[in-house]
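We'll go through its charged pairs and then its helices, one step at a time.

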Amino acid sequence: MSNGLKQDISIGTNLKALRRKAGLSQREASARLELLELPMTEDILAKMEQGKYSVRISVLLALKQIYGVSTFDAFFEGL
């Protein structure tokens, strides 16, 4: 039996939309996360946006700042 957690709701579409709204490429967004000492590659960010990789809370906090959203509601809009 696997001990891995599986996400039950994907916020990937919203992550992608917020990144684009902020005018950032995946490379730029992952570089900004690295500057905040959160290890991130473009590949992992792409997988998050595709719903194939669970988003850690620390990353969500940083993305809120990087994407310039005032509340977490933007990440969960329409779900």
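Start with R27 and E42, which form a salt bridge whose closest N and O atoms are 2.9 Å apart. By salt bridge we mean a side-chain nitrogen of Lys or Arg within 4 Å of a carboxyl oxygen of Asp or Glu. This pair links distant parts of the chain, since R27 is in helix α2 and E42 is in helix α3, 15 residues apart. Is R27 buried or exposed? With a relative accessibility of 56%, R27 counts as exposed, while E42 is partly exposed at 33%. The cut-offs here are under 20% relative accessible area for buried, over 50% for exposed, and partly exposed in between (1.4 Å probe, protein chains only). Helices, by the way, are DSSP runs of H or I with at least four residues, strands are runs of E with at least two, and both are numbered from the N terminus.

A quick word on what you're looking at: this is a predicted model, in which local features need pLDDT of at least 70 and side-chain atom pairs count only at pLDDT 80 or more, while totals for chains, interfaces and linings use all residues. Residues are numbered from 1 along each chain as its sequence is written, and side-chain values use heavy atoms, leaving out hydrogens and water.

How many salt bridges does a search of the whole structure find? The search turns up 3. Another of them joins R19 and E49, with the closest N and O atoms 2.6 Å apart. R19 sits in helix α1 and E49 in helix α3, so this pair ties together parts that are 30 residues apart in sequence. Both partners are tucked away: R19 is buried at 6% relative accessible area, and E49 is buried at 8%. Leaving aside residues up to four places away in sequence, E49 touches G12, T13, L15, K16, R19 and Q26, where a contact means heavy atoms within 4.5 Å.

An α-helix has 3.6 residues a turn, so residues three or four places apart point the same way. K47 is partly exposed at 33% relative accessible area, and D43 is partly exposed at 46%.

Next, find helix α4, residues 57-66, where V59, L60, A62, L63 and I66 are buried. Look down the axis of α4 and its buried residues fall within an arc of 165 degrees, so they line one face of the helix; the arc is that of the directions from the helix axis to the C-beta atoms. On the other side of α4, you'll see I57 and Q65 exposed. What covers the buried residues of α4? The cover includes α1 (12-21), α2 (26-35), α3 (42-49) and α5 (73-76). After α4 comes G68, which has a positive phi, near 70 degrees.

Finally, zoom out. The chain has 5 helices and 0 strands. Its radius of gyration is 12 Å, close to the 12 Å that the globule rule gives for 79 residues, so the chain is as compact as a globular protein of that length. That radius is taken over C-alpha atoms, and the rule is 2.2 Å times the number of residues to the power 0.38. Of the 79 residues in the chain, 32% are buried.
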